[in-house]
Amino acid sequence: MANLKDIRKRIRTVKNTQKITSAMKMVAAAKLNRAKDAITRARPYGQKIDEVTSQLGALVDEDAHPLLRQHDEAEGGTALLVVLTSDRGLCGGFNATLLRRVDSFRKHHAKTFDALHLKVIGKKGRDWIRRSEPEHVKYHPDLLIGGVSFAIAKEIAQELIQGFTDGTYDHVYIAYNEFKSAITQEQRVDRLLPIGQVGDEDASDDNREAIFEPGRDALLEVILPKYIEVLVHQAMLDSVASEQGSRMTAMDNATNNAKDMIASLTLKYNRARQAAITRELVEITSGAEALHG
Amino acid sequence: MSLKVEIITPEAIAYASGDSPIEEVVLPGLNGELGILEGHLPLMTTLRSGRVVIRHKDGKATRFAIHGGFAQIMPAEVNILTDEAESADAIDPDRARAALEAAEKKLQEEMGRDHVEDDAAKLHRAALDRARARLFVAEEDKNS
C-alpha cells in the first residue's frame, strides 16, 4: 500500500503542472487569436497582388522576366528549401510532423536535384539539422519571436530572389504548416520560384485594355518580387498561427490528462486512508479483546 | 456612382473610402503626381514615395504618406498597394523633420566619401525620400 504522504505529494505536483499547462493554454489561445487576426488583415493585399499578377501574367510569356523562367525539374540543378519551424517547444507535433514531411521531400527528390540546400527558420529546426547532417544549411533562430512583420518576410524573400536571379538556385521551395483551424494544420511544401503559371486566360477585358505605366516589363519588375514577398509572408503568418493552435491543443490535452491523473490519485489516496483507518480499528479492537481474554 | 479608394498594405487595409463619395485622388506617380477622377481609363502604375491626397465630395481631404508600391486604377475604383502607408495625423512633424535632417546628413557623408552611387547611398536616398514625403504630408495637413 502506497504511503499516504507520497500520494499527497504527487497530487500536489500534478496540480502545479496542471496550473502551468492551463495557463499556457490560455496564453496560446490569446496569441492564436492575434495570429488569426493578422492572417485576416493580410488577406486583401495578397488577393490584390494575386489578381494583378494574374492580369499581367495572362499577357506575358515566361521569357518576360527572370523570375518566370522555368527550369526543367529533370535537368537537376540546385534547389533551396526554406523550412519554417518554431522557436519554442511544447507545441505538440508541430515541428516533428513538418520535419518528417521535409525528410520525405528530400528522399523523394534525392535524384531530382543535383543539390538541395536548406534554410531553416526557428530554433526547433536546429536539433533536427544536427541529427540529419545535411550540407549547406543556413539557420535563422529567433526570427519570428516577436511576431511576424512584413519587413522580415520581405528581407527573406529578397534573399531568395537574389539567390534565384544570380543562378545560385534553380528552384526554391518553402515548407510550412498551413493553418486550417486551431486543431488542424497541414504540412505543405510549396514552390516559390520560378513563379509557376500565373494568370488565367480569361482575365477580364477592361484589364486587357489597361495602360501600363511605365510599361509592362517594368511593372513586372516591381510586382513579381512582391508576389514572392506575399507568399513568404503568408507562410510565416500561417506557421505562427499553426504553432499557437498546436500549442493550445497540446496544452489542453495536458491539462485534461492532469485532471484524470488527479482524480485517480485522489481515489488511491482515499482508499489508502480508509485502509489505514480500518487497520487501526482492527488493531485497537483486537488489542482490547486480548486484554479481556 | 462614385469613385472608391482603398489603400492596402501587407499587414492591413490602411484606408477604405467605404460609402464616403470621393471627388479626386492624387497619387505620386513615377513621372510626377497623378490626379485621378471618376471614369479614368484602366491604368496600372508604379508609385514613388510621396503623398496621397483623397479629396472627398464634401470638400474634406484625407492625406497619407506612402512609400513605394503601385496603383490599380479602374473607372470606379482606385486600389493603392504599398508596403507602408502613414496617415497624416499619425505623423509627428517634429520627429519627421529630425528624421529628414538625419537622412540628409547621412547622404551627404556617403556622397562625400566617394562619388559613386553605391547601395548604401541608394538606401540613404530612399530614407531621405521617405522622410521628405512624411514631413510634407504632415505639414500640408496641418495647414489645410
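# A tour of chains A and B

Start on the surface of chain A: select Lys5(A), Arg8(A), Lys9(A) and Arg12(A), which gather there in a patch of positive charge. One of these residues, Lys9(A), lies in helix H1 of chain A, residues 4-57. Bear in mind from here on that this is a predicted model.

Next, colour chain A by domain. Domain 1 takes in 4-21 and 253-292, while domain 2 takes in 27-199 and 212-250. Taken over C-alpha atoms, the centres of domain 1 and domain 2 of chain A are separated by 53 Å.

Now go to the loop between strand S1 (78-84) and helix H2 (94-108) of chain A, and select Leu90(A) there. Leu90(A) is not a glycine, yet its phi is positive, at about 50 degrees.

Move on to Lys119(A) and Glu159(A). What is the distance between the closest N and O atoms of this salt bridge? Those atoms of Lys119(A) and Glu159(A) are 2.6 Å apart. Side chains of opposite charge can pair when their charged atoms come close. Over all chains, the count of salt bridges comes to 22.

Then select Leu193(A) and Pro194(A). Is the peptide bond between Leu193(A) and Pro194(A) cis or trans? The bond is cis, with omega near -5 degrees. Pro194(A) belongs to the loop that runs between strand S5 (185-193) and helix H5 (205-208) of chain A.

Stay with chain A and switch to colouring by pLDDT. The mean for chain A is 86, and 89% of its residues reach 70 or more. Where in chain A is confidence lowest, and where is it highest? The lowest mean, 51, falls in H5(A), and the highest, 94, in strand S4 of chain A (residues 171-179). Where pLDDT is low, the predicted coordinates should not be read in detail.

Chain B has two helices and ten strands. Followed from the N terminus, its elements run β-β-β-β-β-β-β-β-β-β-α-α. Along the principal axes, the C-alpha atoms of chain B fill a box of roughly 55 × 30 × 25 Å. The average pLDDT of chain B is 86, with 94% of the residues scoring at least 70.

To close, bring both chains back into view. For the complex, the predictor gives an ipTM of 0.84 and a pTM of 0.86.

Definitions and conventions
Residues numbered from 1 in each chain as written. Chains lettered and ligands numbered in written order. Predicted model: local features only at pLDDT ≥ 70, side-chain atom pairs only at ≥ 80, totals over all residues. Heavy atoms only, no water. Domains from an automatic or database assignment. pLDDT = per-residue confidence, 0-100. Patch = residues over 30% accessible without salt bridge, like charges linked within 9 Å, V, L, I, M, F, W, Y side chains within 5 Å. Areas by Shrake-Rupley, 256 points an atom, 1.4 Å probe, with all protein chains shown as cover. Salt bridge = Lys/Arg side-chain N within 4 Å of Asp/Glu carboxyl O. Lys, Arg positive; Asp, Glu negative; His and termini not counted. Charge placed at Lys NZ, Arg CZ, Asp CG, Glu CD. Helix = DSSP H or I, 4+ residues; strand = E, 2+ residues; numbered from the N terminus.
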